[in-house]
Amino acid sequence: MKVSIIIPFWNVADYVDRCMRSVTAQTHSDLEIIAVDNASTDKTGEKLKKWADADSRIKIITMDENTGPGPARNAALDRATGEYICFVDGDDCISPFYTEKLLGWASDNDCKIALCGYSLNDGKTPPEGCAVSLELNYPEIIGARDYFQRLYTDKEILYVVVWNKIYHRSIFEGVRFADMLNEDDEIIRHVIDKTDKIAVCYDSLYFYTVRQGSIMKSAFRPEKMAVFGAYEDRIDYFDSKGWYDLSFMTMRGYMVKCLEMKRLVTDDVENAKGYRLILNTMRKDMMKRAAKCPVRSKRFLLRMRYYLTIGKFKEEDRAKLLFGKQT
């Protein structure tokens, strides 16, 4: 059964060989590997060509101009021919059993989506040196509602990202990534809506690279505010299903995201005062909507009022507000 592995690359020449070595070494060999060079200006494209010359399963798409990972993935989706699809980021790597296990969990349990756990690494450890369980657990089968509930737990990363999963190709019929930052937040609602069974196993088969300098991803950028549209879409969707507890969880996430983003608006940001005002207004408006939600937490809303007056939001407050505990 053919699996298409889609990998967007942008200026990650130091990681290309590591990533491609792990992908081409999969125990499930019936692969179509689609590498998207997102208009890199380093030697990424040159290295990808060497890999493609050596392995006929590798196809290269070269973008005319740099885009976000969403459009790059879309270009590959339009050409993918596999019955199942996986996504890997160009600076990450995967276990040799990644495709085999995810495909087995999905097909054996008649699931259109399966996900695995992940572990962090520094990008220097070779794929074969990354830790992986030798006795993989049997997956848990959950429904869409349960999946969405887990978006609001301390395992949220597992459920919101696209790169630790396998998808039946039908999931992406009529569904594509938005051209925005945090594109995972936007698309997850649409892909989960197209299935009623998901296989979940927390064994780490995906190795996520934490790069030096990646802290820059945490700096405020106006484009990041597009994520609030994804939250609003999710709230409307949950309301239409009558899943008001999930609606409130999403509203809660929206308000905390406003606090997080406001904290990142430093004085050197152009129009910093204006962005802080906008984020405060957005949070106030969502508080009003949340107060009318059939399922709500008065304690949480009181906490939000505290932050509107004398409270100063700190990084460690996020876990307390979202998960009810401190990490």
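Is Arg150 buried or exposed, and what is the relative accessible area of Arg150? Arg150 is buried, with a relative accessible area of 14%, where buried denotes under 20% relative accessible area, exposed over 50%, and partly exposed the range in between (1.4 Å probe, protein chains only). The structure is a predicted model, in which local features need pLDDT of at least 70 and side-chain atom pairs count only at pLDDT 80 or more, while totals for chains, interfaces and linings use all residues. Residues are numbered from 1 along each chain as its sequence is written, and side-chain values use heavy atoms, with hydrogens and water left out.

Arg150 belongs to helix H5 (residues 144-150); helices (H or I, at least four residues) and strands (E, at least two) are DSSP runs numbered from the N terminus. With neighbours within four places in sequence set aside, the contacts of Arg150 (heavy atoms within 4.5 Å) are Glu140, Ile142, Lys155, Glu156, Tyr159, Val200 and Tyr202. Between the C-alpha atoms of Arg150 and Arg18, 132 residues apart along the chain, the separation is 31 Å.

Two helix pairs involving H9 were examined, with axes taken as lines fitted to C-alpha atoms, for helices over the stretch in contact, and angles running from 0 to 180 degrees between N-to-C directions. Helix H8 (residues 227-241) packs on H9 at an angle of about 165°, the axes being 8 Å apart. H8 and H9 are therefore roughly antiparallel, given that angles over 145 degrees count as roughly antiparallel, under 35 as roughly parallel, 65 to 115 as roughly perpendicular and the rest as oblique. The residues of this contact of H8 with H9 comprise 11 nonpolar, three polar and four charged; Ala, Val, Leu, Ile, Met, Phe, Trp, Tyr, Cys and Pro count as nonpolar, Asp, Glu, Lys and Arg as charged, and the others, Gly among them, as polar.

Helix H9 (residues 244-264) also packs with helix H11 (residues 298-309), at an angle of about 15° and with axes 12 Å apart. H9 and H11 are therefore roughly parallel to each other. Phe248, Arg252, Met255, Val256 and Leu259 of H9 meet Phe300, Leu301, Met304 and Tyr307 of H11 in this contact. Eight of the residues in the contact of H9 with H11 are nonpolar, none is polar and one is charged.

A disulfide being a pair of cysteine sulfur atoms within 2.5 Å, the count comes to zero. The sulfur of Cys19 lies 7.5 Å from the closest cysteine sulfur, in Cys93, which is too far for a bond. Cys19 is buried, at a relative accessible area of 0%. For Cys111, the closest cysteine sulfur is that of Cys201, at 12 Å, again too far for a bond; Cys111 is buried, at 2% relative accessible area.
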